Amino acid sequence: MLLIALYAFAGAAVTGLAGAGALRLLRRRSLTASLTVVAAVAVVAMLAGTLAVAWAMFLSPHDLTVVTTVVAMAAVVSLATALLLGRWVVARSRELALAARSFGDGGDFSAPDVPATAELESLSRELAATSAKLAESRDRERALETSRRELVAWISHDLRTPLAGLRAMSEALEDGVAADPDRYLRQIRTEVERLNGMVGDLFELSRIHAGTLPLNPARISLYDLIGDALAGADPLAREHGVRLVGVDANAAAVPVEVDGKEMSRVLGNLLVNAIRRTPADGTVAVAAERSPDGVVVSVTDGCGGIPEEDLPRVFDTGWRGTHARTPPAGAGLGLAIVRGIVEAHHGRATVRNIPGGCRFEVVLPAAAS
């Protein structure tokens, strides 16, 4: 039996080595060719082992012919099955490749309806998931591109208006036709400060988008942050006839670990936005509370509410919520800066309508005890 096993192994091994060489040569060819080689190797290996054993055992010519005929019939059936399987798998692969071409055409991937092998089915699911991600990415890219175009158009308008005024006033002063030079100089200073603030906002936004916003976190009392922001916004509130309602000291006695300068800018932008959109005799309230997610700081105004279809765009760059592009409306960068700074602190900024106005909320991680 050991001798028979050795003869059979020798005959099959020679065939196996030949098959491995053939597979290496055909590794870049169709799957049908590889399956055919595998089937042929299996049958020929069995035939070679059988012939080696038959020669060693000195079988009669009749017996050898019978064995060879049986193996040959098995080879024919095996090769035919391998060819059919290979053609079926190749056809499914081609259908999957045709469906995947929709990626390059900007379309969505639709998996073939015909059944496929488990591996091809898994690949189809992965392609479908990738298609969904690409569609989301394309939508996001279109939205960003639209936002950039709007921002460029609005900033161009907002820069052109004060620059035209500055040129007119400087020419009037230069020609000596200004009736009140001091008033012109004060107006020029006001316009220059507004332009400086706009350029500063653009620079801040560019650092946020580039991920290079420098943060120096420190443990700060939320009460102090809110108090400073309210003090800074009080002159504007008086000018607009809006009442500012502060937060209770005990409620805001919560430590947070944030960059004080940047977070003061967040609260300042929210308060300025709320004051400008609240009618005279209205109220802007600031509140703070703990939540399971951290610390929530909210600014409530009396703007009358934002249309539901516009709520998702409130924090977009350049969005102003009005078709009027007058200077008091701002450049539409304040809320975009708010979201960028808050997200840089691993928090989130949201807005929702309430009766008579809006409630902007900033959620920040609480400082470690």
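Among contacts in the protein chain between residues at least 6 apart in sequence, what percentage join residues at least 24 apart? The share is 70%, where a contact means heavy atoms within 4.5 Å.

1. Basis of the note. This is a predicted model, in which local features need pLDDT of at least 70 and side-chain atom pairs count only at pLDDT 80 or more, while totals for chains, interfaces and linings use all residues. Residues are numbered from 1 along each chain as its sequence is written, and side-chain values use heavy atoms, with hydrogens and water left out.

2. Overall content. The protein chain contains eight helices and seven strands; helices (H or I, at least four residues) and strands (E, at least two) are DSSP runs, numbered from the N terminus. Of its 369 residues, 33% are buried. Buried stands for under 20% relative accessible area, exposed for over 50%, and partly exposed for what lies in between (1.4 Å probe, protein chains only). The chain exposes about 21800 Å², with 60% of that supplied by carbon and sulfur atoms; the areas come from the Shrake-Rupley method with a 1.4 Å probe.

3. The five-stranded sheet. An open sheet with mixed pairing is formed by five strands in the order β2-β4-β5-β7-β6, two strands being paired if DSSP finds at least two bridges between them. The edges are taken by β2 (243–245) and β6 (348–354), each of which has a single partner strand, so one side of each is left without a neighbour in the sheet. On average, neighbouring strands of this sheet are turned by 20 degrees against each other, direction ignored; the axes are lines fitted to C-alpha atoms, and angles run from 0 to 180 degrees between N-to-C directions.

4. The β5–β7 pairing and Ser 298. Strands β5 and β7 pair in the antiparallel sense over six bridges, and Val 296 stands opposite Val 363 in β7. Ser 298 also belongs to β5 and counts as buried, at 2% relative accessibility. Its side chain makes a polar contact with the side chain of Arg 359 at 3.1 Å. Such a contact is a pair of N or O atoms within 3.5 Å; within protein, one must be able to donate a hydrogen and the other to accept it, and residues adjacent in sequence count only if both atoms are side-chain atoms. Leaving aside neighbours within four places in sequence, the residues in contact with Ser 298 include Ala 285, Ala 287 and Phe 360.

5. The aromatic pair. The count comes to one aromatic pair, under a rule that rings of Phe, Tyr and Trp (its six-membered ring) pair if their centres lie within 6.5 Å, with planes under 30 degrees apart counted as stacked, over 60 as edge-to-face and the rest as tilted. The rings of Phe 315 and Phe 360 have centres 6.0 Å apart and planes at 85 degrees, so the pair is edge-to-face. The pair links distant parts of the chain, 45 residues apart: Phe 315 lies in the loop between β5 (294–300) and α8 (334–344), and Phe 360 in strand β7 (residues 357–364). Phe 315 is buried at a relative accessible area of 7%, and Phe 360 is buried at 3%.

6. Strands β1 and β3. Strand β1 (residues 218–221) pairs with β3 in the antiparallel sense over four bridges, with Ile 220 opposite Val 256 in β3. Strand β3 (residues 255–258) has Val 256 and Val 258 on a covered face, and Pro 255 and Glu 257 on an uncovered one.

7. Asp 281. This residue is found in the loop between α7 (260–276) and β4 (283–291) and counts as exposed, at 60% relative accessibility. Not counting residues up to four places away in sequence, Asp 281 touches Gly 241 and Arg 243.
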